[in-house]
Amino acid sequence: MQNQMPSYPIESVDRALQLLAMLQSGHRLSVKTAAERLGVAPSTAHRLFGALCYRGFARQDEQRLYWAGPALNPWTPVAVSHTALKKAVRPALEQLQLQLGESANLMVLQGTYIRFLDGVESEQMLRVGLRNDGTMPAYCSAGGKAILAALDPAEVEEVHRDGLPRWPTAKISTTDDLARRLTEVRDRGYGLSLEETEEGVAGVGACLRDSLDRPVGAITVAVPTMRFSQHDLGHYADPILKAAAAASRRIGERCTA
């Protein structure tokens, strides 16, 4: 029997479900576009998006467009709450910033993007600012690459089944190229980004894991390129790998059963 619209629809619920269907099909929506498709005022569409974002069904990028959130993406690794993750990882971020003198960040994977959850900013005059709660494609970020490399290649392919999201300074252009880069990350043990997130910024990142060895995030250091030495990557990688290992132990002890 074909499904029929109930005779007593709850309008706000029906509109939210329509938005969910649009997001799940891969659409990027502005408030204006959503309002036009739903036949409602922009303020109504904005409130609906707000509720969906709060529950993880939608997310907003830096162009103020809404995408499917982690709750709609089965490939997004979520094993611990963001609050617990931030608490467990904060000491590692503080230690990294103190040891290397550069900005240190915590990020998690949400679909094809990473979201910055926390950070400790460098105190140097020339420094990379924090992006807390900002997003960018995972394949551009050192930490994002570290998380993607920890997933099964089939999962990475499924996540990017519609191709790589565009980014102004991206240097990886195809999923095949991404697969090759992630093989390098697995061999090295850490992710590397050279002016891929933005011009003048380099990054080194390592994956964080829970007690079941599942990837739950990454920590990175962001360094101005004029101060970054590609010939001494161990200067950054060694402390980051040690910090990631310590933070992962703390995550396993405090955040998961």
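The model is a predicted one, in which local features need pLDDT of at least 70 and side-chain atom pairs count only at pLDDT 80 or more, whereas totals for chains, interfaces and linings use all residues. Residues are numbered from 1 along each chain as its sequence is written, and side-chain values use heavy atoms, with hydrogens and water left out. Helices (H or I, at least four residues) and strands (E, at least two) are DSSP runs, numbered from the N terminus.

The residues of α3 that are buried are Thr 44, Ala 45, Leu 48, Phe 49 and Leu 52. They cover an arc of only 135° around the axis, which puts them on the same side of α3; the arc is that of the directions from the helix axis to the C-beta atoms. On the other side of α3, Arg 47 and Tyr 54 are exposed. The 13 residues of α3 (residues 42-54) should span 18 Å at 1.5 Å a residue, and this agrees with the 18 Å between its end C-alpha atoms, the expected span being 1.5 Å times one less than the number of residues. Gly 56, whose phi is positive, near 85°, follows α3.

Helix α7 (residues 175-188) has 14 residues that should span 20 Å at 1.5 Å a residue, in agreement with end C-alpha atoms that are 20 Å apart. In α7, the buried residues are Asp 177, Leu 178, Leu 182 and Val 185. Their arc around the axis is only 135°, which places them on the same side of α7, while Asp 176, Arg 180 and Asp 187 are exposed on the other side. The cover over the buried residues of α7 includes α5 (142-150), α6 (153-159) and β6 (191-194). α7 is followed by Gly 189, for which phi is positive, near 95°.

Two helix pairs were examined through their axes, which are lines fitted to C-alpha atoms, for helices over the stretch in contact, with angles from 0 to 180 degrees between N-to-C directions. The axes of α4 (residues 82-100) and α8 (residues 234-254) come within 9 Å and cross at roughly 160°, which makes α4 roughly antiparallel to α8. Angles under 35 degrees count as roughly parallel, over 145 as roughly antiparallel, 65 to 115 as roughly perpendicular and the rest as oblique. Contact (heavy atoms within 4.5 Å) between α4 and α8 involves residues including Leu 85, Ala 88 and Leu 96 of α4 and Tyr 236, Ile 240 and Ile 251 of α8. α1 and α2 pack at an angle of about 120° with their axes 11 Å apart, and are therefore oblique to each other. Here Arg 15, Gln 18, Leu 19 and Met 22 in α1 meet Ala 34, Arg 37 and Leu 38 in α2.

Ser 193, found in strand β6, counts as buried at 2% relative accessibility. Not counting residues up to four places away in sequence, Ser 193 touches Cys 140, Ser 141, Ala 142, Lys 145, Val 201, Ala 202 and Gly 203. Ser 193 and Gly 144 are 49 residues apart in sequence and 9.6 Å apart in space, C-alpha to C-alpha.

Technical notes: Buried means under 20% relative accessible area, exposed over 50%, partly exposed in between (1.4 Å probe, protein chains only).
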